[in-house]
Structures are given as structure tokens and as C-alpha cells.
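Please keep the sequence and the model in view while reading.

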Amino acid sequence: MPPLMLYDTWSRTLRPFVSIDAGRVGMYCCGPTVYDHAHIGNLRTYVFEDILRRALVRNGYEVRHVVNITDVGHLVSDADEGEDKMEKGSRRTGESAWTIANRYTDAFMSDWRALNLLAPSVWCRATDHIAEQIAFIVELEHAGYVYRTDDGLYFDTSKQDSYGHIARLDRAGLQAGKRVGLGAKKNITDFALWKFSALDVKRQMEWDSPWGRGFPGWHIECSAMSAKYLGTWFDIHCGGEDHVAVHHSNEIAQTEAAYGTRLANFWMHGHFLTLSAGKMSKSGGDFIRLQTLNDRHIDPIAYRYLCLAAHYRSNLHFTWASLDAAQTALNRLRHAYAGWPEGGAVDARFVERFDARVNEDLDVPSALAVLWELVKSDSPAATRRATVDSFDAVLGLGLRDWTLPATEIPDDIQGLLDERMRVRLERDWAKADELRARLRLLGWRVEDGRDGQRVVRISADNPDHIAS
Ligand code: AMP
Ligand code: ZN
């Protein structure tokens with residue numbers, strides 16, 4: 001296998017990936033803010049991270065994958081202004097912020113499973129780690145990076161020359177352009193570490209701290225929880241491209257100030273899913289969920305396939321037509337695969353070509369092209385099955401677990417089945433047998449049971465046992 005090359009946002013280069021500890025990878029992925037459902041744009045980022053994890057496993061690494069749940073502290077504006085998104089969601093629905101957090105965490109995990117994403121080694125909630133966040137802020141205070149204003153504790157970015165390097169931020173330009181709207185902050189790029197609860201409004205989520213009652217800023221949770229579960233210097237940190245300029249710049253600033261590391265050796269970012277109206281966003285209100293696809297009878301795995309067909313570092317423009325095309329391609333692949341017998345050996349040359357594409361910064365679109373070349377080749381069917389099985393360990397389409405759902409019966413077959421049902425009601429057994437034989441010739445086996453007839457497609461998994 002050629003070396004695994006990954007694009008690192010920090011260095012803006014493709015670098016050969018080598019883990020810090022031999023054979024093991026620590027990977028932290030910024031998770032959802034659970035004040036609403038995830039939209040399919042968010043989910044694209046998690047599909048990319050899942051492919052990365054599977055590719056690392058393919059390269060022989062054991063991966064410790066940590067995903068956080070942001071259930072407090074993410075304010076409506078990234079500039080630390082406005083309401084906490086959770087409290088805002090609570091006002092929208094009339095339920096408590098805690099109820100909302102639980103509901104949307106469960107919904108998120110259900111989307112996660114529907115997309116066949118591997119379960120993380122650790123899920124961690126911000127509200128379960130308040131003590132760790134407070135302890136981290138204390139470290140930052142000792143290191144001299146913290147100042148206090150009327151509404152909270154802030155990180156002083158002017159104390160750090162490297163601040164914003166990952167985003168190649170023009171700090172002087174930003175500072176000059178934004179004199180207005182700075183509030184009590186000293187520098188435009190400074191950010192909240194702890195916010196005080198307002199005196200006149202009772203917050204639902206608030207905690208005591210050495211500085212007063214309040215809640216943590218959004219960024220501190222990731223520095224604190226990644227340190228707890230992966231250490232202060234680990235292999236890969238991921239998120240969507242929108243995180244580079246603010247959230248990840250701030251995470252790095254905190255960890256560098258407290259521990260002198262830039263947090264992760266590799267920084268990887270998935271590009272956005274866009275709609276004609278621009279990027280898809282939760283706060284925009286108009287967003288497509290996985291449930292929206294279900295309502296249209298589109299399999300979540302078809303959405304996964306659509307994501308695989310675009311490189312993670314290019315924008316993916318969403319259209320219903322492209323999703324339909326993904327569903328068609330997936331159906332074709334599933335049917336082909338289900339028809340191949342087991343027991344073959346993998347085709348090493350195809351596997352080598354597939355892995356080479358994956359190892360080139362997760363070039364999954366090209367790897368899929370290799371897969372289709374194999375599907376259409378004249379290799380023995382059992383070889384094709386074994387080889388596609390091996391590819392699917394990286395692609396995660398779950399081909400092995402798929403069985404033909406009843407709804408996928410083609411119209412002409414359904415017509416024959418309906419006719420057979422009718423003649424059976426008329427007790428015309430000869431005609432019913434004749435229709436059964438016709439269906440069998442077309443590749444469908446009918447079994448009569450107590451609650452009517454059942455039909456299965458004859459395949460390697462469902463061979464035709466009926467003697468003719
Ligand atoms: P959030 O729940 O808003 O904190 O976002 C969860 C994840 O989705 C983060 O990694 C974001 O960077 C990512 N994300 C947000 N919008 C999009 C989008 N339109 N396309 C892809 N990823 C996105
Ligand atoms: Zn984060």
C-alpha cells in the first residue's frame with residue numbers, strides 16, 4: 001500500500017500520515033450543537049470523518065475516535081454575542097434546554113446509525129465536563145492569557161503571536177476594520193472562556209465557578225475534552241471548513257497557551273454541502289434533514305453514496321436529481337452484489353488500485369471508479385463479491401447487510417403476484433402454480449404462508465431450492 005497522504009490545513013500541504021504513537025491514532029471530531037436536528041450538510045462532515053477513520057483502520061491503525069456534543073455555550077453569533085443557542089431553542093419550543101438537548105442528541109445518534117457511521121470510542125457532552133473546562137480556564141489564567149469584563153472571562157489573543165495561523169488570519173486588518181462592535185473585548189479576535197449569567201434573567205444551564213455563576217464559552221469544551229480523552233498532543237482533529245477561522249483557531253490558542261502544543265498534528269476539514277441558495281445552515285431555518293429523505297423514500301445510504309462521490313475537499317452542490325442518481329447507482333451495486341456467490345478470493349490488483357486512491361488524501365470518487373470497473377469486469381462473480389466486500393470496509397455502504405426490501409419489487413413482478421393472489425382466492429390452483437413457475441423463471445421465488453404469499457428474489461443468499 002502506498003503511504004497514506006492527508007491534507008493538513010495547518011501546513012496547507014499534503015503530508016504523509018504517521019501516528020504519534022506507533023499503531024494508534026487519536027482523532028477528535030467537533031460534534032453537533034444539539035438545539036435542533038442536524039441537516040444533511042452537517043452529516044456530510046461526519047461521513048467524511050467516518051471514511052477517514054475507516055481509511056486509518058485500513059492502514060493498520062487502531063483508532064480512538066472522540067466526538068463531542070455541544071449542549072451549552074454555543075452563542076448565536078460566533079463573535080460571542082447574542083443568546084445561547086440552547087436557551088433560544090428552549091424559547092422556540094417551550095421545553096427546557098435540557099429536554100431539547102436530550103431530544104436532539106438522540107436524533108443525532110439515530111442519524112449517525114442510519115448513515116452507517118462507526119460508533120465513536122467516546123461521545124462526550126459539554127455539560128458533563130464543566131469541571132474540566134473550569135480547570136482549563138484556571139490554567140489559562142495562571143499562564144496570563146485571561147482578562148475579565150462585565151460579562152465574562154476572555155482570552156487575550158494579542159498575547160499570542162501565533163494566534164490564527166491555521167486560518168492565515170490577517171489580525172491587523174481585522175482589528176483595524178472592526179473598531180466598532182468590540183464591546184468590552186480588547187481585540188476583535190478575543191473570545192469568551194466563561195460567560196456570567198445575566199443578573200435579570202434566570203438561565204436554565206448555569207454553574208458556579210471561581211469567577212461567578214455562569215457557563216463556559218463554546219471553544220473551551222473541545223480543548224478540555226480532547227485533553228481528557230486524547231491528551232494535549234494527538235494525531236488528527238477534524239471539523240467542517242467553517243470551523244477553521246474561529247472555532248479551531250480558538251481551540252489551538254487555548255491549548256497552546258496552556259500546554260504549548262498546537263493540539264493536533266493534523267487538522268482536517270470537510271468542505272460544505274451547498275444549496276442553490278448558498279450553504280446549508282441550521283440557523284437559516286430552511287434545511288434538509290435525513291428524515292426529509294426518508295419521507296421521499298430515499299435511503300440514507302444513498303445520501304452516503306452521494307457524499308462518497310465527491311471529494312471531501314470540494315464543495316458538494318446538493319440537488320434532488322443528484323441524490324436520485326446516487327440512489328440508482330447504489331441500487332445497481334446492491335443488486336449486482338446480492339447476485340454474486342460467496343467463497344471467492346479478493347483480486348489483489350484491484351484492491352491495490354483502490355487502496356492507492358484512498359491513500360491519496362481519501363480520493364474516494366476515484367476509488368469508486370475502480371469499484372465500478374470491477375463490477376463491470378468479467379472477473380468471476382465470487383471474486384467480485386470478495387473484492388467489493390473488501391472495498392466496503394472503507395466505503396461503509398453496508399452491502400453485506402442489505403436485503404431486498406419488499407417495496408423494491410418491480411411493477412411487472414408485482415402485477416404477476418397480484419394476479420396470483422386473485423386466482424388463489426378463486427381456488428384456481430393450476431393457474432396459481434403456473435404463475436409461480438413464471439415468477440421463478442423471472443428470478444423470484446414465491447412462498448405461500450398463513451398470511452399470504454411471500455416473495456424473495458433468487459440470489460446467492462437466497463438460492464432456488466425448489467426442484468423443477
Ligand atoms: P454544528 O452543529 O453547527 O456545530 O455543526 C456540526 C458540524 O457540521 C461541524 O463540523 C460543521 O463544521 C459542519 N457543517 C455545518 N454546516 C455544514 C455544511 N453546510 N456542509 C458541511 N458541513 C457543515
Ligand atoms: Zn470543537
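## A buried aspartate

In this predicted model, a polar atom of the Asp361 side chain lies 3.1 Å from the backbone nitrogen of Tyr7. Asp361 is found in the loop that runs between helix H11 (348-359) and helix H12 (364-376). Is this residue buried or exposed? Asp361 has a relative accessible area of 3%, and because residues under 20% count as buried, Asp361 is classed as buried.

The surroundings of Asp361 come from several parts of the sequence. Leaving aside neighbours within four places in sequence, Asp361 is in contact with Met5, Leu6, Tyr7 and Leu14, with Met268, and with His311, Tyr312 and Arg313.

## Domains

The domain assignment divides the protein into domain 1 (5-270), domain 2 (288-401) and domain 3 (411-457). Between the C-alpha centres of domain 2 and domain 3 there is a distance of 33 Å.

In soluble globular proteins, nonpolar side chains tend to be buried together. The largest nonpolar core of this model contains 121 residues, and Leu56, Ile236 and Tyr303 have the most contacts inside it. Helix H1 (residues 40-58) supplies the largest share of this core, namely nine residues. Domain 1 (5-270) and domain 2 (288-401) each contribute at least three residues to this core. Apart from it lies another core, of ten residues, which includes Ile413, Leu417, Val423 and Val446.

What does Leu56 touch, if residues up to four places away in sequence are not counted? The list comprises Leu4, Phe17, Val25, Met27, Tyr61, Val63 and Ile236. Ile236 is itself among the residues with the most contacts inside the largest core.

## The annotated binding site

An unreviewed UniProt entry places the feature "binding site" at Cys30, Cys222, His247 and Glu251. These positions span 222 residues in sequence, yet no two of their C-alpha atoms are more than 10.8 Å apart, so they gather at one spot.

Two of these residues, the cysteines, may be examined individually. Cys30 is placed in the loop between strand E3 (24-29) and H1, and with a relative accessible area of 6% Cys30 is buried. Not counting residues up to four places away in sequence, Cys30 touches Tyr46, Asn68, Cys222, His237, Cys238, His243, His247, His248 and Glu251. Cys222 belongs to helix H6 (residues 218-230) and is likewise counted as buried, at 1% relative accessibility. Apart from neighbours within four places in sequence, Cys222 is in contact with Tyr28, Cys30, Asn68, His247 and Glu251.

## A buried arginine

Arg304 lies in helix H9 (residues 300-308) and counts as buried, at 0% relative accessibility. Which polar partners does the side chain of Arg304 have? One is the side chain of Asp50, joined to that of Arg304 by a polar contact of 2.8 Å. Another is the backbone oxygen of Leu395, which the side chain of Arg304 reaches at 2.8 Å.

Beyond its neighbours within four places in sequence, Arg304 is in contact with residues from several stretches of the chain. Among them are Val47, Asp50, Ile51 and Arg54. Leu115, Asn116 and Leu117 are also contacted, as are Val394, Leu395, Gly396 and Leu397.

Note on methods. Residues are numbered from 1 along each chain as its sequence is written. Chains are lettered from A and ligands numbered from 1 in the order in which they are written. This is a predicted model: local features need pLDDT of at least 70, side-chain atom pairs count only at pLDDT 80 or more; totals for chains, interfaces and linings use all residues. Side-chain values use heavy atoms; hydrogens and water are left out. Domain bounds come from an automatic or database domain assignment. Helices (H or I, at least four residues) and strands (E, at least two) are DSSP runs, numbered from the N terminus. Buried means under 20% relative accessible area, exposed over 50%, partly exposed in between (1.4 Å probe, protein chains only). A polar contact is a pair of N or O atoms within 3.5 Å; within protein, one must be able to donate a hydrogen and the other to accept it, and residues adjacent in sequence count only if both atoms are side-chain atoms. Contact means heavy atoms within 4.5 Å. A nonpolar core is a set of buried Ala, Val, Leu, Ile, Met, Phe, Trp, Tyr and Cys residues joined through side-chain atoms within 4.5 Å. UniProt positions are given in the numbering used here, feature names are shortened, and annotations may be inferred rather than shown by experiment.
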